[in-house]
Amino acid sequence: MAETKIENGPRHVAMIMDGNGRWAKARGLPRLAGHRAGTENLRPILEASVEFGIEILTIWAFSTENWTRPKREVRGLLRILERMIRRELKELHKQGVQLRHIGRLERLPPRLQKEVLDAIELTKNNDRIVLNVAFDYGGRDEIVHAVREIIRKGIPAEEVDEELLSAHMYTAGQPDPDLIIRTGGELRTSGFMLWQSAYSEYYITPTFWPDFGREELYEALVAYSQRDRRFGGIKDDYGSPYEVPDEEEEDDFLFDEEDEE
Ligand code: FPP
């Protein structure tokens with residue numbers, strides 16, 4: 001697919017695919033019908049992501065809290081993952097998609113664990129786009145996992161820094177998400193990529209995930225490209241609104257004179 005260039009577009013986009021249940025409810029359908037429609041939306045979004053030059057796409061398919069949903073729904077979501085691997089893997093591989101998993105693997109049925117690992121192994125050298133599937137993923141859970149790994153390795157406290165923690169997250173070696181898209185309109189992070197999202201930009205839309213299409217993805221990317229990302233710093237041309245002439249005078253703005261004894 002030809003690339004539609006977006007100036008200053010994001011390299012890594014992460015998606016909270018929310019609203020499947022409400023999409024189904026609005027149509028008088030069971031929740032699983034919403035998840036099915038949401039699954040069918042993945043292919044066009046993945047294709048559009050390649051087209052828009054996204055290098056890494058992370059999708060949150062199942063959270064560590066989703067185990068508390070009704071058994072039927074949990075079983076349905078596990079089956080969706082299984083079917084996706086069985087039916088789509090060949091095509092994904094052919095299209096140059098590198099599959100990665102973020103989250104816990106050990107709570108999935110052993111057969112599914114193996115299928116996930118085999119899919120990762122098969123596609124590990126593909127470089128058109130990386131697709132991180134967050135399944136049994138929670139942001140706090142990920143941090144706990146990273147800290148445990150560090151302790152297990154016996155790494156001394158003074159060697160623990162942000163870089164080391166990043167290297168122990170499931171996304172080790174990948175850049176942090178530039179843009180996090182949340183569909184379904186909720187104004188919260190739900191702990192998604194808690195560590196990695198410190199300086200991510202957010203795009204939140206009321207659109208339910210099954211209705212989130214290529215056009216709105218494009219809109220989100222253009223909106224991102226117009227953001228002013230300062231990472232806690234300031235830009236040279238981002239001066240004081242008071243036009244302070246010199247440093248000494250600028251200090252006058254810090255304290256009142258009577259404070260300076
Ligand atoms: C949140 O919607 C969505 C989920 C918990 C599952 C998302 C899964 C897919 C889109 C299918 C793709 C799956 C794989 C394995 C790649 P919700 O059910 O919380 O919706 P609601 O807030 O409207 O109830």
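1. Of the 261 residues in the protein, 30% are buried; a residue is buried if 20 or more other C-beta atoms, placed from the backbone, lie within 10 Å of its own, exposed if 12 or fewer, and partly exposed in between. This is a predicted model, in which local features need pLDDT of at least 70 and side-chain atom pairs count only at pLDDT 80 or more, while totals for chains, interfaces and linings use all residues. Residues are numbered from 1 along each chain as its sequence is written.

2. The secondary structure comprises 9 helices and 6 strands, taken as DSSP runs numbered from the N terminus (helices: H or I, at least four residues; strands: E, at least two). Along the principal axes, the C-alpha atoms fill a box of roughly 70 × 50 × 35 Å.

3. Among contacts in the protein with a separation of 6 or more, 76% join residues 24 or more positions apart. Two residues are in contact if their C-beta atoms, placed from the backbone, lie within 7 Å.

4. Around the ligand there are 19 residues, and the closest are Gly21, Arg22, Gly38, Ala61 and Leu81; a residue counts as near a molecule if its C-beta atom, placed from the backbone, lies within 6 Å of it. The elements that contribute two or more residues to this shell are α1 (20-26), α2 (31-40) and α4 (71-94). The largest share, 4 residues, is that of α4.

5. The shell around the ligand has 9 nonpolar, 8 polar and 2 charged residues. In this scheme Ala, Val, Leu, Ile, Met, Phe, Trp, Tyr, Cys and Pro are nonpolar, Asp, Glu, Lys and Arg are charged, and the others, Gly among them, are polar.

6. How do α2 and α4 pack? Their angle is about 20 degrees and their axes are 10 Å apart, with axes fitted to C-alpha atoms over the stretch in contact and angles running from 0 to 180 degrees between N-to-C directions. α2 is therefore roughly parallel to α4, a term for angles under 35 degrees.

7. In the contact between these helices, Arg31, Leu32, His35 and Thr39 of α2 meet Glu73, Gly76, Leu77, Ile80 and Met84 of α4. By class, the residues of this contact are 4 nonpolar, 3 polar and 2 charged.

8. Glu88 lies in helix α4.

Note on methods:
Parallel < 35°, antiparallel > 145°, perpendicular 65-115°, else oblique.
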